[in-house]
Amino acid sequence: MAAPIDTIDQVTRYLDLAGVLACAMLGGAVSRSEGLDLFGFLVVGIVSGLGGGIIRDTLLQQGPPVALTDYAYLPTAVLGTVISFVIHLSENAWDRLFTALDAAVIGFWAVTGAQKTLAAGLGWLPAILLGVTTAVGGGATRDVLLRRVPAVFGGNGLYATVAAVVAGTMVVCTYLGAPAIGIVAGIVCSLLLRLAAVRFGWGLPNGLEWQPHTRLAEALRGARPPRRRRRVRHRRAEPGESSTRSGPNQQGLTDG
């Protein structure tokens, strides 16, 4: 059983590195759109490429993050960043030319995150959660660093949803004793779902507009009920005062 496990570990390592390279390139494309210099390119590219894996490994508490112990990770992230620095690659060009690669990266990282979590002895739910975190963590961290709303929060054609489906596929296949099939099925599923979501404009719904019209709902929304007008008595006019009053109390009414 040792040989298959070692083989799965090696495959997931190469998939992890492929995701690092692709996301570092995307980080470089974002850096170009922000007008950053070479240092900015490197910082954003490295964060984009390594952020999700570092978050995953930190949560797993299985020693230092693999990006700090495997010397292939940082050079791979730097290479992807330099490619985007040298070659003019905009975010729009990435969307047009590298949609398939982006979809594959979701599969790579979701599979890797789920497999590493299961290998650490955790259950299916943490495996799915960390699979999604691995897939979206680097990009979300990059966007926060650049003071942008993370793209994973909407308008990106089912990104985190695809990662959750892929991680779930990997978990099911691993429980059935076929992790290799889980890797292949997860990546194929990622490609099909992500490309279909981009092609047909699929996405999760935004906030709905329905509002219940009840007193409790108005109170929860902070609506204040109209103030009642209360009737007040006229006092008797003193000698020398005019018996005719002007203003809002002329009819014997005042605001409450």
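This is a predicted model: local features need pLDDT of at least 70, side-chain atom pairs count only at pLDDT 80 or more; totals for chains, interfaces and linings use all residues.
I began with the surroundings of Thr 81: leaving aside neighbours within four places in sequence, Thr 81 is in contact with Ala 24, Phe 41, Leu 42, Gly 45 and Ile 46 (contact means heavy atoms within 4.5 Å). Residues are numbered from 1 along each chain as its sequence is written, and side-chain values use heavy atoms, with hydrogens and water left out.

Next I asked: is Thr 81 buried or exposed? Thr 81 is buried, at a relative accessible area of 1% (buried is under 20%, exposed over 50%, partly exposed in between, with a 1.4 Å probe and protein chains only). I also found that its side chain reaches the backbone oxygen of Ala 77 at 2.9 Å.

Then I looked at the helix that holds Thr 81, helix 4 (helices are DSSP runs of H or I, at least four residues, numbered from the N terminus). Helix 4 covers residues 73-86, 14 residues in total, and I read 20 Å from first C-alpha to last, close to the 20 Å expected at 1.5 Å a residue (1.5 Å times one less than the number of residues).

Which residues of helix 4 are buried? I listed Tyr 73, Thr 76, Ala 77, Gly 80, Thr 81 and Ser 84. They sit on the same side of helix 4, because they cover an arc of only 135° around the axis (taken from the directions from the helix axis to the C-beta atoms).

How values were computed
Helices (H or I, at least four residues) and strands (E, at least two) are DSSP runs, numbered from the N terminus. A polar contact is a pair of N or O atoms within 3.5 Å; within protein, one must be able to donate a hydrogen and the other to accept it, and residues adjacent in sequence count only if both atoms are side-chain atoms.
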